[in-house]
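Good morning, and thank you for coming. I ask you to keep the sequence and the structure in view while I speak.

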Amino acid sequence: MKSMLKQLEELRDKYNNKFRNSNDDLSEASTEKIFIDPFLSALGYDPGDPDLVKVQFKAVSRGIKGAKVDYALHREGSPIMYVESKRLRSDLRNIDYIDQISLYFSSKKEVEFVILTNGYEYRFFTDLKDLNILDSEPFRVFNLNEINQELVEGFLSLFTPENFDSDTIKQNAYHWKLEDRVYTFLKNEFSNPSGNFLSFISKSVLGNAKKKSKQDVKKALCNIVLSLNRSDFKEIPIDPSPAPITKSDPKEEKNIFEIQSAKHKNLEYFRFQKDVIKVKDWAEMYVYVFKSLCELGKSKLMEISRDHKGLKINNNPDLIKAPKEISNGLYISAWNDTDTKIRYLKKALEAFNMKDALFIKLKN
């Protein structure tokens, strides 16, 4: 079987060889057949498999006639991601398209992500700002000519049926969105620098912002943008550790054992024993608590893992999905959904006789 990267490279080559310089105005149906179906297949969602992909899926149950999304990608019988297709060369910034996918998204709470695509460009959306309300801007945008190994391994592989975990993706989505915005800003400034940007660079490098200096800087920027590669920059790692906060309100906290379901609910913070920790998602709390339990009793934790097969703890990260290190050389899977994470937290805390150790505060 061809790798995802190989399939997407072939799709890119098809576009460049047959359509890039062509005036052919493909219909939406042709765009789906030629580009979007192969893209989904490369991602692991065979459009011919009704268990994974349902076409013309009724996204809005009532109120709007014919409100169907082009593709609904499924996992374990539930839709997790919508794909809305437009004809090749469509401008995906069209506000009508955004309104359309926003309606679809808000009508089905199980769906976590939406891809808007014209077969060449792919725009990924979710609800980073307000729960169950689709952001007006995508958190990641790329086109077929930007396909490379880094994009496949660091981004697209997270959306495959085998690797899909909404907590993990959303944890990274903010950083992807910020990178895209910074990249767009710098690309525009390097290509067509504003007066303020030229003055800043000129003063920083040459010590003045005279007209001649700024003209020289502008020329240098144009030359630099042609020569720079991503490898010229050292990636700054993101600190994965949760940030502590100083205030908590016990009246609004709930013991983890009081929580029956947390689906589509966000954390504001949690309190484990005496430590109050602010987190971005449930996965961070999950890893933090198990790391703490591992320090209290590694052998006991391994015993719990053996008794509960779904709680994947292993010395080999390659044997588990979404591995997170909880001790030197010991990893736990962060693959499970939120309610499953809560269930395993309860089992572990109960085994450690710590039923009163973990309290959470949900966002309003």
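In helix α5, the buried residues are Ser 166, Asp 167, Thr 168, Ile 169, Gln 171, Ala 173, His 175, Trp 176, Lys 177, Glu 189 and Phe 190. Buried means under 20% relative accessible area, exposed means over 50%, and partly exposed lies in between, with a 1.4 Å probe and protein chains only. Helices (H or I, at least four residues) and strands (E, at least two) are DSSP runs, numbered from the N terminus.

A word on the source: this is a predicted model, in which local features need pLDDT of at least 70 and side-chain atom pairs count only at pLDDT 80 or more, while totals for chains, interfaces and linings use all residues. Residues are numbered from 1 along each chain as its sequence is written, and side-chain values use heavy atoms, leaving out hydrogens and water.

To return to α5, this helix covers residues 166-191, and its 26 residues reach 36 Å from first C-alpha to last, close to the expected 38 Å. The expected span is 1.5 Å times one less than the number of residues. At Ala 173, α5 bends by about 35°; the bend is the angle between axes fitted to the seven residues ending there and the seven starting there.

Let us turn to the sheet. Six strands form an open sheet in the order β1-β2-β3-β4-β5-β6, and their pairing is mixed. Two strands pair if DSSP finds at least two bridges between them. At the edges are β1 (53-58) and β6 (140-143), each of which pairs on one side only.

How do β3 and β4 run, and how many bridges join them? They run parallel, and five bridges join β3 (residues 78-85) to β4 (residues 113-117). Val 83 has Ile 115 of β4 as its bridge partner.

By contrast in topic, β4 and β5 pair in the antiparallel sense over four bridges, and Thr 117 stands opposite Tyr 122 in β5. Three residues lie between the strands of this hairpin, where Gly 119 takes a positive phi near 90°. Four bridges also join β5 to β6, again antiparallel, with Glu 121 opposite Asn 143 in β6. Four of the five residues of β5 are buried, so this strand is largely enclosed by the rest of the structure.

Finally, Asn 336 is found in the loop between β13 (330-333) and α10 (338-351). Is Asn 336 buried or exposed? Asn 336 is buried, with a relative accessible area of 15%.
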